Amino acid sequence: MSDTHAQTAAFQASFVREEMVAASPPPARDRGVVKWLRENLFSSWLNVILTVLGLLAIWWIASHVFPWMLRGIWVADSLSECREIRNERYGEGVGAACWAVLTERWNQLMFGFYPQDLYWRPVAGVAFFVAALMPILFSRLPRWTLWFSAAAPFVAFWLIWGGTIWAPVVVAGGFALGALAYVALSNVNQIAATLAAIVVPVLFWLFAAGPLIGALQSAIPLAIEFVPSDDIGGFLLAVIIGFSAIILSLPLGILLALGRRSDLFIISKVSVAFIETIRGVPLIVWLFTASLLLNYFMPPGTNFDLMLRVIIMVTLFASAYIAEVVRGGLAALPKGQYEGADSLGLDYWQSMRLVILPQALKISIPGIVNTFIGLFKDTTLVVFIGLLDPIGLSNAIRATTAWNGIYWELFIFIGLLFFVCCFAMSRYSMYLERKLAREHR
């Protein structure tokens, strides 16, 4: 027995480890850049062929485009002068970009026919507005900065268009009256409070705003030079139409989505009719409607600004698409969320504001941002109704004798402007998704 125990002890001692083996790094093919290349570019023979073809295509494009861009000419008065300078520097027939058209006409591409000595006003207005968006986009900023955000649209409007300062002040006062009406009636009836919040400002703007603005301007004249909408163009026009429609279409789209899912027959059918009618017709048709047909429904002598008509129509168009995106988010929520809100004793608006909509909007973020990006790019369609957006101004520049025949330089510059804005919106949506995902773990 003793020999057996000794043999067993020796057997166990030779196979039982008393300490852990030190961790060894994975093979080189299963880590780092090598792993990424193997999994994404060289995972099969087909991927190897496509990768090689793709690299060859990229090399061919880069070898032709980058030299053309780097040999660019920045100082010239016309395309023919650009070609003469190119022939002297690089030889005849060598590709070289004529960036001089940008140095010569960048102000038109950015501001249209806005007075040059007043360029500081739209720059200040847009910068003020973007800065005011920060408290809304990033919740870490102090809550009092939201007052700064609330004042930004009126300040930006006054800086860009000019005129009397009392016009935006009185318009803001209409919103304040609507808020007061809502607070006064909210304890009585929510529906009556909501209707009052809409009707009271509209009535104030229609009947009292004009005389009040005139009286205030007569008593305390405060005004800057007025710039008509016809002088506003270029990328500034795209920013004004795009940002205005984005900001206004989101709340309207949410209301339409709630209206479509409402149990009230009239509200539901009206919402459905509006959404399906707007979504069933191309945006360009609605723009022609705003440009041509709306004048036939206005009283004789009415001066309804074309840019304002376009903003209203683009807002309605975008709100119909936002409504469908939000409706998808509402439908994606489990029924238990609605039942949980009811079990807490919340009424309809409280449950929507505190329980349902925050979750539905979180689900809908990719679709909402995708709609916003498409909307911002679609602002170039206003060229067909006579507004001088960047595309329209590029056509006007190319129609001149000096720059007739130039194409790529203008379109690259315009595309870069839109890319910066759209890429920023895309990155922010991804940041917001990651932030909300962390908060709800």
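Are C82 and C98 buried or exposed? Both residues are buried, where buried stands for under 20% relative accessible area, exposed for over 50%, and partly exposed for what lies in between (1.4 Å probe, protein chains only).

The structure is a predicted model, in which local features need pLDDT of at least 70 and side-chain atom pairs count only at pLDDT 80 or more, while totals for chains, interfaces and linings use all residues. Residues are numbered from 1 along each chain as its sequence is written, and side-chain values use heavy atoms, with hydrogens and water left out.

C82 and C98 are joined by a disulfide, with an S to S distance of 2.0 Å. A disulfide here is a pair of cysteine sulfur atoms within 2.5 Å, and the structure holds 1 of them. The bond links distant parts of the chain, 16 residues apart: C82 belongs to helix α4 (residues 79-89), and C98 to the loop between α4 and α5 (100-111). Helices (H or I, at least four residues) and strands (E, at least two) are DSSP runs, numbered from the N terminus. The torsion about the S-S bond of C82 and C98 is about 70°, so this disulfide is right-handed.

C422 is itself buried, because its relative accessible area is 10%.

A nonpolar patch of about 1,100 Å² is made by eleven residues named in the structure, among them V171, F175, I198, W205 and F207. The elements that give two or more residues to this patch are α8 (166-186) and α9 (190-219). Helix α9 supplies the largest share, 9 residues. Patches are made of residues with over 30% relative accessible area and no salt bridge, with like charges joined within 9 Å and nonpolar side chains (Val, Leu, Ile, Met, Phe, Trp, Tyr) within 5 Å. A salt bridge is a side-chain nitrogen of Lys or Arg within 4 Å of a carboxyl oxygen of Asp or Glu. Accessible areas come from the Shrake-Rupley method with a 1.4 Å probe, and for residues only the protein chains shown count as cover.

I198 lies in helix α9, and it counts as exposed because its relative accessibility is 52%.

G340 sits in helix α14 (residues 335-343). With a relative accessible area of 27%, G340 is partly exposed. Its C-alpha atom is separated by 25 Å from that of G253, 87 residues apart along the chain.
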